[in-house]
Amino acid sequence: MLNVLIAGIGGQGSVLAAKILAAAAQARGWKVRTAETIGMAQRGGNVTSHVRMGDAGEEVHAPLIARGTADCIVALEPGEAVRALPYLAPDGLLVCARTAIPSVETTLSGEPYEAEPLLAYLEGAAPHFLAVDEAAICEEVGSRKVANLVMLASAVAASNGTSFGLRGAIGTDELVRAMEACVKPAFVALNRAAIDTAIARVGAPSVN
Amino acid sequence: MRSTLLMGNEAFAWAALEAGVNVVAGYPGTPSSELVETVAKLHAAGVAHDVYVEWSDNEKAALELLVGASASGARGLFTCKQMGLNVAADALLSANYVGVRGGLVLFVADDPGPISSQTEQDTRRFANFAKVPVLDPWNPESGADMMRHAFEVSETWHTPVIVRPTTRVNHASTFFDVPSETHARPVPEGGFEKDPKWVIFPRRSYAAHGEINDRLHEIASEEAAGSFNPLYAYAGEECAPADAGAAPLGIVCGGVSGAYAREAIEMLIARGAQLPAFDFLQVGTPFPFPVRRARAFAAGKTDVLVFEELDHVIEDDLLMLAGRDKLSYRVHGKLDGSTLARGENSVEDCARRIARFLGVTDALPEEPAPDPAAPQAPARPPVLCAGCPHRGAFYAVKRALRGKKNVLCGDIGCYTLGNAKPLEAVDTCLCMGAGITMAQGVAVAEPGTKAVAFIGDSTFFASGMTGVANAVYNQHDITIVVLDNSTTAMTGGQPHPGIGRTLMGPVSDPIRIEAVLEGLGVTCIEHANPLYLKESLAAARRAVDFEGPSALIFRSPCTQIVRPEPRAVVDDDACVGCRVCVEAIGCPAMTMSADGSKMIVDAATCYGCGLCVDVCQHGAISAAVRTEGRVPFAGKAGE
């Protein structure tokens, strides 16, 4: 079983990321189940997408990942990575976006809301950790809307040839093909650029 | 056939289309909305042939329309969320007595948690109360099978049938093989056949009650032998389908809890647990209860553990069976505190309780100790979007009411989020349309208090209009604020009578909210664009100062249906970091710089609505819509 949790904020595109991952797994002939947060929380609240893949041909019963069993968490925001951390498996990989996104509540509190202390904690707490400067990659590609693909591609690259995270189970080519099957034709080139740039950056992963 | 990733609700739609459904009608509500949208999409794409689909004005209208279609021989599918069935209850209970001709299936989505609902009511109980069969899927695949089956049951027994998934089935996705096209079953020639049976009368109802009792008995018997109540025998690491229980221990599940429990059992086995033999029963047809199946399962049992969400429906039936058959098994579930009495079940929770039940707690993973060094995840409740027109509406009305004792009655929709800081503009929220009528109660009980009701455009048409008539008829001193954002925003942007666009393509003339209010006798009707503070404040003052029922219509589109305007810009020389803007309207695009000295507009979040320009007392914020003198979002309809 391969469990991937995508954690973010409503509107960041976690649902599409989950769909792409599911398509890649399906192409391998695996059983797949995904589950989403839909409804009120999508209005800027914290959301998660669960992707469960029977990578050894096994049956997948539950749509949701149990705490402590996510092989990989793809976090689109550091605070959301902290919230999702209890889901990470004992040997799991956390791939986390570097940009902290304040909430109305954090702004109203008057306290600064910054990424660095969160990232510092996550680096020590996650068995395997990679922080991605997703904002820089998005800027290079020319759109902040593709942060979801940047992070997904980073998770694929960071798992390349490893026995943790996605365990090298999904290759870059498979990710690209799944993306092409899931996004509107007009956005394929942009998302392709997001994947390529992210992979080039993570390239030789410095995952600890 | 091609393999496609379908969300549960999409799979239900496909299954109904494959069953030849002719008419689909419903009212949006999370987690049910995607079914109707999928049918409309497939119809528009030329895939689903000859089907008619609509968003009805409300659930009652939808179900009554479908009862009519069924009487003409059409297969009908009704959709709503759990509370929607309360609205349609009158029609359902009577329709069951009159009976159906074309298959009539009610797709009612329950929401354990609750995740996006007012109540944790259980539609299985509702089915029992209404004496209508209910099917309870545990994943999208079983749900699609049940949908097809439900039409057959409905026509065989002339009964409405409820298919009741829960959120984790509605919004879970997996791959399905779908056909290249579907065709609705032709409506029988001749259509409606005149017959006294379509007119409900006490004498007819007495006879019908007997028919209902008889058919429920027959249906229970048939379902007990069918595939929706699977029984498995677990022995060691093996799990095999069985016809009867053999072990003294048993686990019984309803809905998605069955998936959680099976996963939990596999988790315990994988962790080396030596499980004693036990039987596992999934109850997919909870009403009428499949007694024969349960009896076969219960033979020789000493203890039974029940996992189900919402109410203890299966648990009650197992207790009844024990009493009726004088069986000596103990039932462990919600009633004795053995399982969660409310909210969602989970794999983790099932694993703990099953391990205890089977005596294998050693196999449970250790609970990780909380890390005292862990930072707090930020509070991130859902909020009104940047550029949302409701923000300005709430702010203006609250300003207009300063110094006046007031009660702000909210309603169901995105604008319930107006209760959060800093707006805090929703004092009550009950059920669809209740804001207008609750305000009248406040006005009657406290004559000196200004009662203001907020209602969205879609909710206004769904269930606000009778409340307006009541206010005018009884001359209640309230102000009705209609937040018209030209869509049903909370559930994903469905059209409604005030928009004119229908799901079948043709445009009908939009029903004007002003015309409705005028027609119902409201004489004071004010207007404002909520993105302009001064005009909104003046209109709000006129409306709340009026004695008697008054109305104020705020009109500006939901940001989900328009493209953004150029973002607002802060002049750092003029911004004094006073935080007034942040603390007045709480827009998610506004944050403070790290040193707190300046407000920062987040470029990616800001929608350029211009409201903050009016709120700033130092002239430090500018927006293109203001400098260019344009109405925000005019001519910016989304793709």
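**Close-up views of a two-chain model**

**View 1. The surroundings of V613(B).** Beyond its neighbours within four places in sequence, V613(B) is in contact with A568(B), I621(B), S622(B), A623(B) and R626(B). This is a predicted model, as are the views that follow. V613(B) itself sits in helix α20 (residues 611-615) of chain B. Is V613(B) buried or exposed? It has 21 C-beta neighbours inside 10 Å, so it counts as buried; the cut-off for that label is 20 or more. Look also for V569(B): it is 44 residues away from V613(B) in sequence, yet their C-alpha atoms are 9.3 Å apart in space.

**View 2. Where chain B touches chain A.** Start with the head count: chain A brings 43 residues to the contact and chain B brings 47 residues. On the chain B side, the elements giving two or more residues are β1 (2-7), β9 (172-178), α10 (257-270), α13 (347-358), α19 (580-585) and β23 (590-592). What kinds of residue make up this side of chain B? There are 30 nonpolar, 9 polar and 8 charged ones. To find the pairing by eye, pick out A35(A) and its bridge partner A172(B).

**View 3. Strand β14(B), covered on both faces.** Why is strand β14 (residues 278-283) of chain B described as largely enclosed by the rest of the structure? The reason is that 6 of its 6 residues are buried. You can check each face in turn: F278(B), F280(B) and Q282(B) lie on one side, while D279(B), L281(B) and V283(B) lie on the other, and all are buried. Strand β11 (residues 231-235) of chain B pairs with β14(B) in the antiparallel sense over 4 bridges, with A233(B) as the bridge partner of D279(B). Strand β13 (residues 249-254) of chain B pairs with β14(B) too, in the parallel sense and over 5 bridges. Here G254(B) stands opposite V283(B). Follow the chain from β13(B) through α10(B) to β14(B) and you trace a right-handed β-α-β crossover.

**View 4. An open sheet of parallel strands in chain B.** How many strands form this sheet? There are 6, in the order β4-β2-β5-β6-β8-β7, with parallel pairing. The edges belong to β4 (52-55) and β7 (134-135) of chain B; each has a single partner strand, so one side of each is left without a neighbour in the sheet. Further in, strand β5 (residues 76-81) and strand β6 (residues 104-109) of chain B run parallel, joined by 6 bridges. A handy landmark is C80(B), whose bridge partner in β6(B) is V108(B).

**View 5. Helix α2(B) across the sheet.** Helix α2 (residues 34-44) of chain B lies across β2 (23-26), β4, β5 and β6 of chain B, at about 135 degrees to β4(B). The helix is mostly covered, with 9 of its 11 residues buried. Among them are L35(B), V36(B), V39(B) and L42(B), but also E34(B), E37(B) and H43(B). Just after α2(B), G46(B) takes a positive phi of about 75 degrees.

**View 6. I73(A) in the largest nonpolar core.** In soluble globular proteins, nonpolar side chains tend to be buried together. The largest nonpolar core here has 274 residues, and I73(A) and V95(A) have the most contacts inside it. Apart from neighbours within four places in sequence, I73(A) is in contact with residues including L5(A), A7(A), Y87(A), L88(A) and L94(A).

Key:
Residues numbered from 1 in each chain as written. Chains lettered and ligands numbered in written order. Predicted model: local features only at pLDDT ≥ 70, side-chain atom pairs only at ≥ 80, totals over all residues. Contact = placed C-beta atoms within 7 Å. Nonpolar A, V, L, I, M, F, W, Y, C, P; charged D, E, K, R; others polar. Pairing = 2+ DSSP bridges. Buried ≥ 20, exposed ≤ 12 C-beta atoms within 10 Å, placed from the backbone. Right-handed = clockwise from strand over helix to strand, strands pointing away. Axes fitted to C-alpha atoms, helices over the stretch in contact; angles between N-to-C directions. Core = buried A, V, L, I, M, F, W, Y, C linked by C-beta atoms within 7 Å.
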